[in-house]
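Please look first at the sequence and the structure below, and then read the report that follows.

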Amino acid sequence: MIERMEQFPSLHGNPATFQEYARRIEHVKKIIVKHPKFNEAMRQLEEVHELSKESVLAESLYIGGRTGVGKTTLLEQYLERYPRKMMKTYTHVPILYVKVPPRAKSPKALASKILRQLGDLLFDSGSEENMTERIQTFVQKCHIEMIILDEFQHLIDRDTQHVLALASDWLKTLAEEIRIPVVLCGLPESQRIFEHNEQLDGRYANRILFEPFHFGSREEQLEFRKFLKYMDDQLPFCESSNLGDPQTAAKIYYFSHGVPRYIKDMLREATKIALRKGEDCLTERALRDAYHRITRSVRPFAINPFEQSNFDLREVMEVEQKMEEAFLKKSQEARKQGRKKK
């Protein structure tokens, strides 16, 4: 606490200067809470990486989870450990990170993206066989130890929902030939690709699924409150905001449904509000106003939990669900009526 007071002294009720405001907001953006699931995923990444260095058969890993649960943060943290280095005769690329392009219908589309990330000036030219051979050459010359393919769900056609079989087959073959780990990362629906490619499915038996926090059991609530306390301890204020309080935690869970990114977004906006008012912690009022700034359109019937003194999580979630169901039913009836008139 003393260290935090020294780093972020009291504002004494005076709005933060622009320089101080910018410094503290930047601090919030950099906050990373390494909760147990995050640490376990990091450990498995390390294991796959290290065990494959001296092995004839590279390890494999799939990391899945919905948007905002921490997949990208995990990968960024790991990549920072292994930056590219310019050597005398080559560029050492310990880990190659590539985002699978949308609608990668052909192996060439995916191969082209990989070559582009490797700095190949002719990344979009050549036959499929030639592009594959160039990737294999780069892997050897750049001493690549692991490839991470993010946005793996792009191997599913968005319009038809069909798995892009040619690209997934090519990926499986490439992983076998280069003999280094190829880590796949994507949204939960990307697991459908394994269902349509038995060989790829067998190769990626090791899988990590990131999930939002839950709030059903006492253990889940304590875990979530512990996460909020970690966040609280890293906020740029000299005083605690008491985010781990049971009632406050329930309100934050209602807003976020346990998704870390939504929580961080709200805390960032609340911090802006508090700093402009010269406050030394996040108040209920700051959280209330932050909610109005970032309300999500996918939940039109959600209420602002920070406006309720007697907040009951189960009750408000049931009310919201009933309103959504009633709206859906009304919409369906309206469409039926519209078809009858035609």
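## A buried threonine and its surroundings

Thr 248 is buried, with a relative accessible area of 11%, where buried stands for under 20% relative accessible area, exposed for over 50% and partly exposed for what lies in between, with a 1.4 Å probe and protein chains only. The model is a predicted one, in which local features need pLDDT of at least 70 and side-chain atom pairs count only at pLDDT 80 or more, while totals for chains, interfaces and linings use all residues. Residues are numbered from 1 along each chain as its sequence is written, and side-chain values use heavy atoms, with hydrogens and water left out.

Thr 248 has its place in helix α11; helices (H or I, at least four residues) and strands (E, at least two) are DSSP runs, numbered from the N terminus. Leaving aside residues up to four places away in sequence, Thr 248 touches Asn 242, Leu 243, Glu 284 and Leu 287, a contact being heavy atoms within 4.5 Å.

## The chain as a whole

The chain has 14 helices and seven strands, and 45% of its 342 residues count as buried. Its C-alpha atoms fill a box of roughly 70 × 65 × 35 Å, taken along the principal axes. Among the contacts with a separation of 6 or more, 68% are between residues 24 or more positions apart.

## Aromatic rings

A pair of aromatic rings is described by the distance of the centres and the angle of the planes. Rings of Phe, Tyr and Trp (its six-membered ring) pair if their centres lie within 6.5 Å, and planes under 30 degrees apart count as stacked, over 60 as edge-to-face and the rest as tilted. The structure holds 14 aromatic pairs, and one of them is the edge-to-face pair of Phe 255 and Tyr 291, with 5.7 Å centre to centre and 70° between the planes. Because Phe 255 lies in helix α11 (residues 246-256) and Tyr 291 in helix α13 (residues 284-293), this pair ties together parts that are 36 residues apart in sequence. Phe 255 is buried, with a relative accessible area of 3%, and Tyr 291 is buried too, at 5%. One aromatic cluster is formed by Phe 213, Phe 215, Phe 224, Phe 227 and Tyr 253.

Some rings also have a charge over them, which requires NZ of Lys or CZ of Arg within 6 Å of the ring centre and within 35 degrees of the ring normal. The table lists two such cases.

| Charged residue | Ring | Distance from the ring centre |
|---|---|---|
| Arg 207 | Phe 194 | 4.0 Å |
| Arg 299 | Tyr 254 | 4.7 Å |

In helix α5 (residues 107-117), the buried residues are Pro 107, Leu 110, Ala 111, Ser 112, Ile 114 and Leu 115. An α-helix has 3.6 residues a turn, so residues three or four places apart point the same way. The cover over the buried residues of α5 includes β4 (95-99), α6 (128-141) and α7 (165-178), and just after α5, Gly 119 takes a positive phi of about 90°.

Gln 199, in helix α9 (residues 198-203), is by contrast exposed, with a relative accessible area of 53%, and its C-alpha atom is separated by 30 Å from that of Gln 77, which is 122 residues apart from Gln 199 along the chain. Glu 3, placed in helix α1 (residues 2-7), likewise counts as exposed at 61% relative accessibility. Glu 3 and Glu 145 are 40 Å apart in space, C-alpha to C-alpha, and 142 residues apart in sequence.
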